[in-house]
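Please look over the sequence and the three-dimensional picture below before reading on. The paragraphs after them begin with the whole chain and then turn to one of its elements.

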Amino acid sequence: THPHTGSTNVASVEPINKVMVANRGEIAIRVFRACTELGIRTVAVYSEQDTQHMHRQKADESYLIGKGLAPVDAYLHIPEIIATAKEVGVDAIHPGYGFLSERSDFAQACVDAGIKFIGPSPGIVQKMGDKVAARQIAIAAGVPVIPGTDEPVTSLDEAEAFVQKYGFPVIFKAAYGGGGRGMRFVNNMAELGDNFNRAVSEAEKAFGESMFIERYLEGPRHIEVQILGDKAGNIVHLYERDCSIQRRYQKLVELAPAFNLPIGLRRILADDALKIAKYVGYQNAGTVEFLLDPQGRHYFIEVNSRLQVEHTITEQITGVDLVQSQIRLAEGYTLPELGLGQEQIQVNGCAIQCRVTTEDPAHDFRPDTGRIEVFRSGEGMGIRLDSASAFAGAIISPHYDSLLVKVISHAADMPSAARKMHRALREFRIRGVKTNIPFLLNVIQNDTFLHGTITTQFIDNNPQLFQMQPSQNRAGRLMYYLAEVMVNGPSTPLPTTSKPPYFEPELPPLFAESPTNAPTGWRNLLLEGGPEEFARAIREHKGLLLTDTTMRDAHQSLLATRVRTYDLERIAPFVSHHLNGLLSIENWGGATFDVAMRFLHECPWSRLRALRELIPNIPFQMLLRGANGVGYTTYPDNVVRKFCELAVRNGMDIFRVFDSMNYLPNLQLGMEAVGDAGGVIEGAISYTGDVSDPTRVTKYDLKYYLELADELVKIGTHILCIKDMAGLLKPQAAKILVGEIRERHPDIPIHVHTHDTSGAGVASMLAAAEAGADIVDGAIDSMSGMTSQPSIGALVTSCERTPHDTDTLVETLQLQLNYWEQARHLYAPFECTVTMKSGDSSVFKHEIPGGQYTNLHFQAHSMGLGNQFFKIKDKYIEANKLFGDLVKVTPSSKVVGDMAQFMVQNDLSADDVLERADELSLPQSVIDMMKGLIGYPPGGFPEPLRSKILRGESPIEGRPGASMPPVDFDSLKQELVEEHGNSITEEDVMSAAMYPKVTGDFLRHHAQYGPVDKLDTPRFLIGPKIADEFKVTLEPGKTLHIKPLAIGDLKPETGEREVFMELNGQIRTILVKDKEAMKEMQFHPKATPGVKGSVGCPMPGDILEVKVKVGDEVTKGEPLLVVSAMKMELVVAATMDGTVKSVAVQKGSPVEGDDLLVEIE
């Protein structure tokens, strides 16, 4: 691009000394760089919205234009641009691309002001920029064209006349401009009117011009030829580019030269491009564009009389700097003087350009805006980056094009260039805004792209391109969570003022422990022999077997079920290697399923899989609430069956199946579901009352339990469990009940579970062992006692040197005891001993289950009723009697507890309830129970109480789940995918089937904050301290080093605080809304996540049109509004059928992402 010495006609050359670029972004910077290399001074212009934009900082001088104008209008204001140029001594203006680059009136204004226009002459810009006129020129030059209108279409009537003559499909195009704006594809008459109006609107907004229409060619290739011309009439081509990979007529990926293009056709295209250029006497740079049909016929479509976005790849393969060539040609040099004869321009290798944009391919390429929090590019040999706003801290505006950076790879051939591009794109790390990089990666790896022939329908024909691996951004999301907690406090409610200390419990000594060398345990036998052989081996075993509840029921009873997977995983290898004699570990089901998602923001299925991997040798045990699954109500049968199947698949072994009322039909469903799934069935008798008291008049006598045991054995239980959830099984009662069952069923293993609320738990378990129990439940000493299980240490030492010796080393237990003793401090906010200082032998009277006792005790103290807890216990007794004496275990125990609290709060006696049951606003759980939704107790519910509560509503007869329609898992998955993306698993679907709202909230939390389960417990609960450096291991070999630095002052205009952190040695800033401050500030309301009728704005922009009003009936998919942003118009559609309840915006309203637009009910 530099003139050859001695070959220049100096008199005809007018050197350029100062260039203004009438544009913004990366193209402005591209021109500045070319000028700087040529020793030319540069001038930038910028709008008010671009005050912080990089392009103005890259120029030698920069000047504000368009003050008070709309963002785009500032760059279209010709008089001010010309005036500024004259004022600062500019002698040439480069228009870049877009904006004024193809406006002949701008080129003429430059000439009239005595300023060189770096581009074709105004006359050529006029002829070539008008696509209708350009068609006529092509025809005159003997180049084939597609059928289309000869003049601009100014009305819908003219458009209708064209399609009646030529048929569909057709395409509207702006008579001037490009970039896909003002282009609309129409396939039938019904779509014609709306698309005409939209195309006219977009064209006028971007270019201020009219439309023309042409027949749409289906499945063509889009090939363009780069040309250069000088004032002497010399024209050369720089070969072609393939721009077929497009979306909405905007190019995404370009190649040079075109791949799989026959050499003969390549020559014809170049020759035809030169014909058109020579016909009009073309000067400077331009692009002649063609479409190739499947038969290889080519058609001229337009000439872009400017530099193209994709000029970069032509530069890479030819070595010609097109921008410097433009400048030299504008100075008056000829092509030969620049060494640019046709024979001197050769192709070297292959180049690919990918346009990285701030668009979300998973949501129809919706533009994203905001601040770039992290920017790390892919570089290295063969990679070129052209960008402007690509840096951490850059603000991506909704007012301009979404292009962020152009990535160009160059190599010897197309496959090598593709490999370089793939490597470079994978190196990118962009956080804060979404990008199309995952989509581009799929394109670059696509087999058709690499080996076939691509057409403009490439994206439509390859829907698998949208099956993207989403960017994980785990570090960014975790830091956002930490910043959120630092500003707004804990994300999970802390019931007490106690705080966890910042330390990690010390682990017992670990040597070469790993899952691959775990010693043999009972699970090995189970996997080899199956459930029946497993049960037989238990009966043949000499000595008492133990189930350790530390990982579930113990912390449910003592620490509100809040122990996290993080702390369970840390101790798991030790348990696997040193407590492999345990019959089982209870670590799942029951309340842990709900609490894991609701409060700990972690997936219960992931917990199960993680522990299974670390403890492959010890059977896992869970609680299954019969037909209630792991929920609090009845579910359709297929939900329970599918749940058990998935639980086994994810690593569960033994299912303790119980029903809160010992309702046999519910028990049978659960047991059959477990058996069909291949799990070990542990049918459970839920125990209440006292079989050792012959004077007690009760329906729960010894005969009742023995008959229930008989039924469970008939159904096919592998193990028979006595589930004493309140700790009511006295030692004498244990001897009687276990002894009688053992006599009746000598071959069935008996497993006894209790709580130590009264303090008699160890004695009862020893009595059960004496009477013939094979297995008892206990917890590690530091997690035992009170409402938890009896101490395993006490059981082990008590059985030493007896026929029930557990063959467990007390020293080994002591090591685990130390870990959990420290770990309990981490959960200080949930520690039951804050309010509960001892056990309670009155449990034999009130019969409150262990976990519920802890919760009620907490609630009483939190409401200031700690000194009146005895009243709640008394009302619990009354409520239980009102309901006819229930077996109290989740969910029936919750109903009794709800009623007890209701009676305390409303100062009601049992007689008051009986008398006024038909008028009281009773808890919904009470009403549901009386309907029969959780089954029936022996003898049914008492009358007339039940009838009064139901108030004429018919109860459910028989097993509730039997009459419920099955859940359509496929439909449910589709709903979840629509809201949460393609990463939804079978396990997520099952979670949603049982806990729809909780699962939705969990998935949204995970999407926003990432894998918070990887944080240690203190920092998860209360956040980190300033200057507190700590590590987070995401996976083996990936560790984050995080250090909070400061929390900024409140920003009054946004209600945000800026949190400064250091991540792996680099400064990060996170903006967090201060929720307390926001209460005092007024902002546009946001759409409510998870509520279908709450329609939010998909992207920042302006409301262009409101199509509905309050009271309108709408159907799903019906247009509600039109939003304009990034020069694109987006129709926002109804998310459901219903009635418009409110419209929160009006035409012209500026909106941010997720702002509430419309409410539908």
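What follows is a guided walk through this structure.

The model is predicted, so that local features need pLDDT of at least 70 and side-chain atom pairs count only at pLDDT 80 or more, while totals for chains, interfaces and linings use all residues. Residues are numbered from 1 along each chain as its sequence is written, and side-chain values use heavy atoms, with hydrogens and water left out.

The secondary structure of the chain comes to 41 helices and 42 strands, where helices (H or I, at least four residues) and strands (E, at least two) are DSSP runs numbered from the N terminus. Along its principal axes, the C-alpha trace spans about 125 × 65 × 60 Å. Of the 1161 residues in the chain, 60% are buried, a word that stands for under 20% relative accessible area, whereas exposed stands for over 50% and partly exposed for what lies in between (1.4 Å probe, protein chains only). If one takes the contacts (heavy atoms within 4.5 Å) between residues at least 6 apart in sequence, 71% of them join residues at least 24 apart.

After helix 8 comes Gly167, which has a positive phi, near 85°.
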